Amino acid sequence: MKKILCVGHSAYDITYLLPHFPVENRKYKAKDRIMVSGGPAGNAAYLLGKYGENVSYITALGSDFYGKKILEDLNEVGVDTKNIVVSNKLVTPCSIIIANEESGSRTIINYREEKPVDDFKMTYEKAPEIILYDGHELDIALKIHKEFPKAVSVLDAGTYKEGTLVIGEFVDYLVCSEDFAKDYCKMDKIEEKDFEYVLKKLEALNKNTIIVTLGERGAIMKKDGEVLKFKAFKTKAVDTTGAGDIFHGAFVYGLSNGFSIEKNIEFASACASLSVEKLGGRNSIPELDEVEKRIKRG
C-alpha cells in the first residue's frame, strides 16, 4: 500500500431531487434531499479512506458548521486531516445541487470565496508516493509539488481554469473530463472522428499519460501511438453528482495497487457507473465487492 495525498477543493453539498429541471420564478417540492460533504479531491480522499488506503488530504476550510462536518466525515473513514487549513478568516464552500430525475443530470451552484491561504504549513513523517490534485487551491498545490517532486501525480481536470492548466503541465497522469477537453481544444462537441485530434492537441499541455473521460461513451487514451477506446458500463443514471470525483479516486486506488492502465480505467469506470445509480455524491461511493460484481457482469 502506497502513501497517498489528495489536494484541492472541499464543499458541503445539499442535493435536491426534482422530477425535471426547474422553470424560472416557480416553486417546487423536492422528491428527496441529501446533505453530505463533497468536493473533487475531498470525495476522492474519502473513497480511498473507505477502501482502506493510507491517505491524507489537504484543503482549506472555515471554522464553521460546514467545515466541522467535512472534517468529521473524513475522520470517520480514517483520512489523515492534520494538514488541513482551518481558519476563521475563511468560509467553507457550500454547493446547492439540482438532480434532474428525468435525465439523471445534475446542476451545481457553488459559492466559495477566493482568498489566499497564507498560513499553510505541512507536517509529514513520510513523503507521499502518489498525489492527486483537482486544480483548486493552486498555491497549496504548487507548494506540494515543489516539496514532493518525485511522487507519482494525477490531475482531476474537471473544468478548464488556471489551476488545471498550470498543474496539467507537470503531472504524470492528466485525467480530464470531456468538458475540459472541449474547452481546451475549442470544440463544441467531441465525436469519435475527433478522438485522435483531441489527444494530440492535449499533448501540447502534457507530455505524459492523457486520459479523457466521456461519460456514457466511456474513455479514451493514447498508448504507444495508438488511440485506445474504453467502453462505459451500462447503467441507469439517477444523479451524476460526484461521478468524476469517484472515477479519479478509484484511478488512484488502482495506481496504489499496481493495476495496469487498462485494468485501472475499467475499475474506475465501474466505480463511477455504480455511483450514478444513487442520489448524492460521496454517499454514492460503492463498496469494493459491488465494483467487482459490476466488472464481472461487464
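Tutor: First, the ground rules. This is a predicted model, where local features need pLDDT of at least 70, side-chain atom pairs count only at pLDDT 80 or more, and totals for chains, interfaces and linings use all residues. Residues are numbered from 1 along each chain as its sequence is written, and side-chain values use heavy atoms, without hydrogens and water.

Student: How do the axes of helix α7 and helix α8 cross?

Tutor: Two packed helices are described by the angle between their axes and the distance between the axes. Axes are lines fitted to C-alpha atoms, for helices over the stretch in contact; angles run from 0 to 180 degrees between N-to-C directions. Helices (H or I, at least four residues) and strands (E, at least two) are DSSP runs, numbered from the N terminus. Here, the axes of α7 (residues 243–256) and α8 (residues 261–275) come within 8 Å and cross at roughly 145 degrees.

Student: Which residues of α7 and α8 make the contact?

Tutor: Contact means heavy atoms within 4.5 Å. Among them are Ile-246, Phe-247 and Phe-251 of α7, and Ile-265, Phe-267 and Ala-268 of α8.

Student: In what order do the eight strands of the open sheet run?

Tutor: Strands pair if DSSP finds at least two bridges between them. The order is β4-β1-β9-β10-β11-β12-β13-β14, with mixed pairing. β4 (54–58) and β14 (226–230) are the edge strands, each pairing on one side only. Twist averages 20 degrees from one strand to the next.

Student: Over how many bridges do β13 and β14 pair?

Tutor: Five, in the antiparallel sense. Met-221 has Leu-228 in β14 as its bridge partner.

Student: Which strands does α8 lie across?

Tutor: α8 lies across β11 (173–177), β12 (209–213), β13 and β14, at about 170 degrees to β13.
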